[in-house]
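Here's a friendly walk through one structure for someone seeing it for the first time. Have a look at the chains, then read on.

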Amino acid sequence: MAMNYNAKDEVDGGPQCPPGGTAKNRRPDNTAFKQQRLPAWQPILTAGTVLPTFFIIGLIFIPIGIGIFVTSNNIREIEIDYTGTDPSSPCNKCLSPNATPCYCTINFTLEQSFEGNVFMYYGLSNFYQNHRRYVKSRDDSQLNGDSSALLNPSKECEPYRRNEDKPIAPCGAIANSMFNDTLELFLVGNESYPTPIPLKKKGIAWWTDKNVKFRNPSGGESLKERFKGTTKPVNWVKPVYMLDSEPDNNGFINEDFIVWMRTAALPTFRKLYRLIERKSDLHPTLPAGRYYLNITYNYPVHSFDGRKRMILSTISWMGGKNPFLGIAYIAIGSISFLLGVVLLVINHKYRNSSNTADITI
Amino acid sequence: LQANSRELNSTFGYPNNTIKTSRYSVFNFLPLNLFEQFQRLANAYFLILLFLQLIPQISPLAWYTTVIPLMVVLSITAVKDAIDDVKRHQNDNHVNNRSVLVVMNGRIKEDKWMNIQVGDIIKLKNNQPVTADVLLLSSSEPYGLTYIETAELDGETNLKVKQSISVTSNLEDNLGLLSSFDGKVRCESPNNKLDKFTGILTFKGKNYTLDHDKLLLRGCIIRNTDWCYGLVIYTGPDTKLMQNCGKSTFKRTHMDHLLNVLVLWIFLFLGGMCFILAIGHGIWENKKGYYFQDFLPWEEFVSSSVVSAILTFWSYFIILNTMVPISLYVSVEIIRLGNSFYINWDRKMYYAPKNTPAQARTTTLNEELGQVKYVFSDKTGTLTQNIMIFNKCSINGIIYGYGYDKNGQRVEVSEVKKVDFSYNKLADPKFSFYDNTLVEAMKKGDHWVHLFFLSLSLCHTVMSEEKVEGKLVYQAQSPDEGALVTAARNFGFVFRSRTSETIMVVEMGETKVYQLLAILDFSAVRKRMSVIVRTPEDRVMLFCKGADTILCQLLHPSCRSLRDVTMEHLDDFAFEGLRTLMVAYREVDNAFYQAWSKKHSEACLSLENREDKISDVYREMEKDLMLLGATAIEDKLQDGVPETITTLNKAKIKIWVLTGDKQETAVNIAYACNIFEEEMDGIFIVEGKNDETVRQELRLARKKMKPESLLESDPVNTYLNTKPQMPFRIPEEVPNGNYGLIINGYSLAYALEGNLELELLRTVCMCKGVICCRMTPLQKAQVVELMKRYKEVVTLAIGDGANDVSMIKAAHIGIGITGQEGMQAMLNSDYAISQFCYLQRLLLVHGRWSYNRMCKFLSYFFYKNFAFTLMHFWYAFFSGFSAQTVYDTWFITFYNLVYTSLPVLSLSLFDQDVNETWSLRFPELYDPGQHNLYFNKKEFVKCLVRGIYSSFVLFFIPMRTIHNSVHSDGKEISDYQSFSLLVQTALLCVVTVQIALDTTYWTLISHIFTWGSLGFYFCILFLLYSDGLCLMFPNVFQFLGVARNTLNLPQMWLIIILSVVLCILPVIGYRFLKPLFWPADVDKIMNRIHLWTRHPLLPPTQTKLRHTRPRRSSYAFSHKQGFGALITSGKTMKDKVFKKNSFSFKK
């Protein structure tokens, strides 16, 4: 941008003060601030500054966009819908509400091997976790282990605040609707029976959530004692202190629970379910081949036309597969570059055609 | 009421003399102030919102999102009000605690002003202000006369005489009599008419009528009177002063009106959006929400989706309330206040001789200063200094006063040395004259010259005051007269003092006493005045001065040749715009005088046709006059007036002169200060005496200026025919040349009547310069009102006297000149400056800046709130129209108040598109303000579109990016809280870059505020999302750890960069292309300025002003009739003063 420092050293043109001065001179102070003469930088929009801006943006954005796009494309990702709405789907039988517990298995093939750490997500569609009443239907004090909130949850949790005169722990609609399908992955190798893929269930929640925000109530020896006087959420099968066998992944600090409690911004979302850690540098984590997915189908989404998915994905420096950002950068960069050219032409034409030579470059 | 009887008077329940201009006391401040504040629409709206938010079923926001901003806004206003009120309290206390002497039971007691009650008798001393409205009882002067100065009341600085009725003046200072005085006064109830009072004094069984001559009004100051006693009639709030003030109408700017309209638009827009969203919600609940009840059941009271939709309407109403920004009005007030301070601080509007800086008395009209289209100016004291300077004279056919160089050529006055008056000890040091020949003639003892100055020193009604030996102060009725007497004084004919019968003159160091036989007073018809004196040599002489047209006919035939020469000189003088008077004398023989004197006294005593008879007698005396010469007085223009007017004209500001003065003088001044120019295509004079002639004259003028405007087919005519309903505006019409128009008061009275109004307005608005002369104060206001009613323009009235007050109050902006004529105009004005030429700086620099800043502020302010709020609208489509907010509640609370307030304030306090030098050099830059181009409804719609676009970009880019996206460690980032953080950070960055783009003047403070606010946002972010705070109040601060987890995402920063570029590029492109495709004049000038600032080798030359002197003549008489009679009656003479003076002479 054209810059000119405007430190004005103009001589004060006001009338001179009478010599000697009066007892109370009301002449305003001659400070740069009061006289509005603060030194200042005055950028001006001219062709000389605007056109390069467009070109530079174009030149910078396009490579960035390409980089992001390539990175995103290199990510392996597979998505399997196991809702079972399609009659041919193995999970179709689980749609009827009285088939509990219901198990189904879906076969799928990985065309390419997945290298590095692989992440397993469950995805839900048409699930309004961002609905206002849903979002607020929780009690963070309770989840933080506050003992008074445990027995007397916040009003926000209504109608999942109390059940049969006992406070619900964890209260609220979010907790109540926690995802409770179980997913297991098997590799169908050359051997006769499939190999189960080890799925790690810890390390899927934010560190701050796991260690700071969510805490089990203090008190008694066992977790069960600490949750004494509370009851499980209506939809749950097991109480909160029986979510897992490991003590550091049980109760409120169960990571599946924590992940669920971090509500999604959009009605279609995915949540981290399990980690598949890389075994060694030599073998791909998930080699190409046939797999099958064992599902314990508990979670009803059919009633509201929802969808359930299982996603396997590798990761890059900038997360999962999402070509949007790369495409956007490329598009904006190109547009900016084109605009720069158009503006250059316009500016050239107008500057030449206008007889007044006062349009500057 | 009865004098000296507090018990009786207290039964009537008169108020005491305490005045109270303050509005609040300590106890009622809070409720009263809050009540007043909630009367404002915006505040009331937010209060209602607050109540809505307290209903948990519909409230999507925590209560504090509204309460905190509202509290801040209210408390800022409350503090401001409180400070104002404390000042008023202090003033009141000061006034109420002044002490005054009260007569009590025969003794004089000192008491405070506020304890004075109706019926008290008080003693006032010289130079004391009058405590209350007081009936004058007696004074130190004979006949119970009292001199007062009424500057505070009506602005006139000359002394006025009040006289008590004879019964009471006998009381003198006899305390016993005074305290036993038990007169009863019945008078009218308190009113605000300064010049009316009727009452009856009943004293000792007799009734005496009282009029306003007997009343000393509060606010006056006693002058030249050692003491006087008065009976208190009206006190405190009943006094005429208090009845007159405080009813000033509150002025609002066009911008305020526009803002109100826009806020209404926003309301409608808001309502519309809420409606759409509510319907959306209804559909959603029906289609999806109903089935989603497994996980999210409806609340018990929601029976159907319709009920839910109705509730959602209100929820969205709360969420989207930030469309009407709560801090808008407060910010506007702060900006105006700041810009007012700049006016107060400007050294270039500080007038050193009077030690007065410019003063913004109202802080609410700043941006209007940048939009002025019409300036209505007073003449005397505003354009002119109201200082008359004896400039030239013609004595006995010889012209004096021009400077000559050695070759005998006339040269400019400024190059010649001033005449040295050191030979005359009594000379006024301020007087200057540039022609030595006159002094030489004086010293030589030229008979005619002596006689000329003798007549000047005798023939007048000036009073002299000599406080210190040799230092004479003249109290003149009119400044012309003062100038003449001062001239005579300097040339050696010093008028020293007068009594009712004598005039003492020091003639070239020699004291002579002339006996004053008669004063033949001035009147508007006679246009002359004469004195008859008996010289020490026992000759009876008549000296006369008057308008040349009159005096010429009275001259003795013998001096015809001299008359012709003098008339030529007079033409010369008039050509230069000087005010002229002719001076003549006549020697009368004693017998003739005796006979005449007898006739005169008969005429004076006659009961019928006294006026006529007296003027007959006068005419008998004033004939066969011998011509002495002529004087030329310069009505001095204020410094820089012509230049200022030329500059303002270039800025397309039309200047009208509204004056009470005569046509000749007004036109003269108009030419002198470039309102009329010689090269104008025509000047119309409207002086019809009935409405038909006035109409014809106006139509004639219009026909010449724009012939087609009289045709039926003219768009304005058809417009007027089709739309007869009242509130309509007349569009601008362009004439075919430069025209001027002169209209006088009589014609104006007809022209201002209903059916001629429009005729007048259309004609007058086509003229470049307009002079209205012989205007009453009311007419001045009427003209301004007319303009305001039919034209969408900003009017400015500037004046200095009490007669300008009405127009100052009527105009959009009133400017008072703190000058000669007292404080009245200043006290009623919105801005006070001390010189007319500061007007160009006030308008072109301060006004323009204020306007530009205000416009930038409003554009930006609306933009940032639209961008901020409309995000919720987009989010609604993805959150089931559930009124879920996009942002953290704390961001909503702080957005307007903390994160974005300082940058926009610094923009609107420091921004300058061009500096002061350029804005004065190119007055054309003022043009956009007059047409309100920078912020109008169109600009507002642009802001709205820009806001919609930005919010669209800012919502969908992050949304698409974050959708199904994960962190580099595989943890998902598409959760609501991360998304909020992402969107709000991107928003803040975009908004900050946007303001950076708007800022053209980057001071250090702007840098700190703009980038500092952004930095501050991140600091606050980490605080709000920190472990400690969140663990302390887990339900209030729910965003624990979000900042740490999200801010290290590469996507986050990529999104921010992308959104910023996407939001800014179109703006840059538009701003770049606009001057190319639609170049406005302003853009061209700006380009030239930028060229010049970068290549300073081309210094722009300012064209020097040529003064073309028109050939006009005017006569210097601005007297009031009747002062002569007062002098000869002796009432105004002070014996003591005379004695003292004569004593000092003897030494």
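## Ground rules

This is a predicted model, where local features need pLDDT of at least 70, side-chain atom pairs count only at pLDDT 80 or more, and totals for chains, interfaces and linings use all residues. Residues are numbered from 1 along each chain as its sequence is written, chains are lettered from A and ligands numbered from 1 in the order written, and side-chain values use heavy atoms, with hydrogens and water left out.

## Where chains A and B meet

Chain B brings 110 residues to the contact, and chain A brings 110 residues too (contact means heavy atoms within 4.5 Å). About 9,700 Å² is buried between them, with carbon and sulfur atoms giving 61%; buried area is the accessible area (1.4 Å probe) that two parts lose on being put together, summed over both. On chain B's side, B:Phe295, B:Arg347 and B:Phe1072 lose the most area to chain A, together 9% of what that side buries.

The rule finds 2 salt bridges across this interface (a side-chain nitrogen of Lys or Arg within 4 Å of a carboxyl oxygen of Asp or Glu). B:Asp975 and A:Arg262 pair up in a salt bridge, at 2.7 Å from N to O. Helix H38 (residues 1050-1077) of chain B gives the largest share of the side touching chain A, 16 residues; helices are DSSP runs (H or I) of at least four residues, numbered from the N terminus.

## A nonpolar patch

B:Val261, B:Leu264, B:Trp265, B:Val941 and B:Val945 make a nonpolar surface patch of about 400 Å². Such patches take residues with over 30% relative accessible area and no salt bridge, joining nonpolar side chains (Val, Leu, Ile, Met, Phe, Trp, Tyr) within 5 Å; accessible areas come from the Shrake-Rupley method with a 1.4 Å probe, and for residues only the protein chains shown count as cover.

H9(B) supplies the largest share of the patch, 3 residues, while B:Val945 sits in helix H33 of chain B.

Definitions and conventions. Patches are made of residues with over 30% relative accessible area and no salt bridge: like charges are joined within 9 Å, nonpolar side chains (Val, Leu, Ile, Met, Phe, Trp, Tyr) within 5 Å. Helices (H or I, at least four residues) and strands (E, at least two) are DSSP runs, numbered from the N terminus.
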